[in-house]
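Visitor: I'm new to this one. Can you put it up and walk me through a couple of spots?

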Amino acid sequence: ATPTCSMSSSPKPKGRRPLSGASTRSRPLSGSSWSPKGSRRGGHGRSQSPRLMTPPRSEHESTWRKLHSLDSDDAQTMRDNFKSKLTQRYGNMLSTWRELDPQSNGRVTFPNLCLLTERLGYKISPKRLWAVLDSGERGYARLCDLDERLAELLQGFGNAAVNSCGSAEAAWRKHFTHGHEHLRCSMDTFKLGAQRIGYAGDVRAVFNALDADGTGQGLLFDNFVLLDEWFAESRSRVRTGLGIFQES
């Protein structure tokens, strides 16, 4: 007799064949770059967003991109846009620097810049931005490459500290703290310390620039001694009898 199929046969393995009528086009081809919405690929935890690579689909989207883009054909505009977004996010340039230079080396590297721009969430080309900040191709960016006026202000104060005590760290211990070096330095104490090291510039502006918290409660040792790292190149100079630095 011809064998017949039995309804009580063993169940078929699940997940092998699509249900009847289901489309097979939703399955990616081998080697395809297709990725479902919100999926994470490559093990890096980053979702793909193809819309960022396509032209704007409406005037509203085009306007939105312009508002959230930091890129510019002008180098100074690109630097200013980047600095503005950083200070909006982190409060001031010192807090921003802490994000750019987590090791407190006094320099910004390209990998750290890439990490920060990724966290910002704004459209920007890290390579173009780096070409603006490291225009001298030194391999690092300095404070003056981000904010020239601020760097000039702080370097004047840092030079006074070095002239008086040999370093900003030594000046902090001698003139800006009473006892423990990790106590906060108040505005009144800072004014006295600035007088003792012979600084004749804008004391309040320097205090505000070194106040990462922006609360006015006082300066911290770790932020003050960045003066030594920011302007470390001055250490290669010798001091004359007039207190003026000259190249050694």
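Guide: One term to start: a polar contact is a pair of N or O atoms within 3.5 Å; within protein, one must be able to donate a hydrogen and the other to accept it, and residues adjacent in sequence count only if both atoms are side-chain atoms. This is a predicted model, where local features need pLDDT of at least 70 and side-chain atom pairs pLDDT 80 or more, while totals for chains, interfaces and linings use all residues. Residues are numbered from 1 along each chain as its sequence is written, and side-chain values use heavy atoms, with hydrogens and water left out.

Visitor: Where is Asn92 found?

Guide: In the loop between helix H2 (75–90) and helix H3 (93–100); helices are DSSP runs (H or I, at least four residues), numbered from the N terminus.

Visitor: Is Asn92 buried or exposed?

Guide: Asn92 counts as buried because its relative accessibility is 16%. Buried means under 20% relative accessible area, exposed over 50%, partly exposed in between (1.4 Å probe, protein chains only).

Visitor: What does the side chain of Asn92 reach?

Guide: The backbone oxygen of Asp211, at 3.1 Å. That side chain also reaches the backbone nitrogen of Ser95 at 2.8 Å.

Visitor: Which residues is Asn92 in contact with, leaving aside neighbours within four places in sequence?

Guide: Thr87, Asp211, Ala212 and Gly214, where contact means heavy atoms within 4.5 Å.

Visitor: New topic. At what angle do the axes of H4 and H5 cross?

Guide: Helix H4 (residues 110–120) and helix H5 (residues 126–133) cross at roughly 130 degrees, and their axes come within 10 Å. Axes are lines fitted to C-alpha atoms, for helices over the stretch in contact, and angles run from 0 to 180 degrees between N-to-C directions.

Definitions and conventions. Helices (H or I, at least four residues) and strands (E, at least two) are DSSP runs, numbered from the N terminus.
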